[in-house]
Amino acid sequence: LHPDLEGTLAGVMRPDPTRAAEQLRHIADRLALRTAPDAVQVAATVRARELTEQADAALLSGDVVFAADLLRQAIALVESARGSMDTSLVELLQRLKFVLRMGGTESEVLPILRRIAAILADSYGELHPLSIRALGEVYWQERREYGPAGGGETAERIEALMRDVLG
């Protein structure tokens with residue numbers, strides 16, 4: 001029995017529900033204090049969500065450039081609060097990729113896709129399906145930008161990863 005739960009079982013191994021609930025609440029409170037995000041992270045997350053909503057509205061009104069700017073600001077906020085390899089950046093980067101493609105700025109998409117692939121590989125490992133899928137997107141973007149000659153190295157890397165996955 002965990003030391004924090006001492007005294008919850010009285011006599012015939014029947015738990016005292018009131019005491020057990022009180023001790024569980026105490027444990028939950030202690031865990032919440034240990035894992036609670038700091039104020040900077042919370043503020044950055046809230047502000048990034050606001051900027052993302054504004055970017056969505058700007059995109060719907062046809063202002064692709066402003067939408068991309070707002071998303072870049074949101075990405076910078078999250079990076080400063082959580083670090084450059086935090087997985088919460090992936091959604092924002094995907095949104096930025098979408099906005100840039102809508103705006104016809106294909107040349108800015110490849111670095112974003114590479115960054116998404118790096119974040120996912122760092123977080124989940126290179127052999128995770130999301131990481132391999134992200135590399136596949138990098139491959140197709142390289143083919144899109146450089147033609148049939150593009151993406152050779154990335155394709156080889158994906159094949160090697162798939163061999164590792166399949167054995």
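Is E106 buried, partly exposed or exposed? Select it and colour by accessibility: E106 is partly exposed, with a relative accessible area of 22%, where buried means under 20% relative accessible area, exposed over 50%, and partly exposed in between, with a 1.4 Å probe and protein chains only.

Before going on, note that this is a predicted model, in which local features need pLDDT of at least 70 and side-chain atom pairs count only at pLDDT 80 or more, while totals for chains, interfaces and linings use all residues. Residues are numbered from 1 along each chain as its sequence is written, and side-chain values use heavy atoms, with hydrogens and water left out.

R144, at 54% relative accessibility, counts as exposed.

Next, select E142 and R114, which form a salt bridge with their closest N and O atoms 2.9 Å apart. E142 lies in helix α6 and R114 in helix α5, so this pair ties together parts that are 28 residues apart in sequence. E142 is buried, with a relative accessible area of 7%, whereas R114 counts as partly exposed at 41%.

Now move to K97 and E137, whose side chains meet in a salt bridge at 3.1 Å, N to O, and which join helix α4 to helix α6 across 40 residues. K97 counts as buried at 11% relative accessibility, and E137 likewise counts as buried at 17%.

To finish with charged groups, select D56, E91 and R95, which are linked in a network of salt bridges; a search of the whole structure finds twelve such bridges.

Finally, turn to the largest nonpolar core, which has 35 residues, with L93, L96 and I116 making the most contacts inside it; such a core is a set of buried Ala, Val, Leu, Ile, Met, Phe, Trp, Tyr and Cys residues joined through side-chain atoms within 4.5 Å. Helix α5 (109-124) is among the elements that give two or more residues to this core, and α5 gives the most, with eight residues.

Technical notes:
Helices (H or I, at least four residues) and strands (E, at least two) are DSSP runs, numbered from the N terminus. A salt bridge is a side-chain nitrogen of Lys or Arg within 4 Å of a carboxyl oxygen of Asp or Glu.
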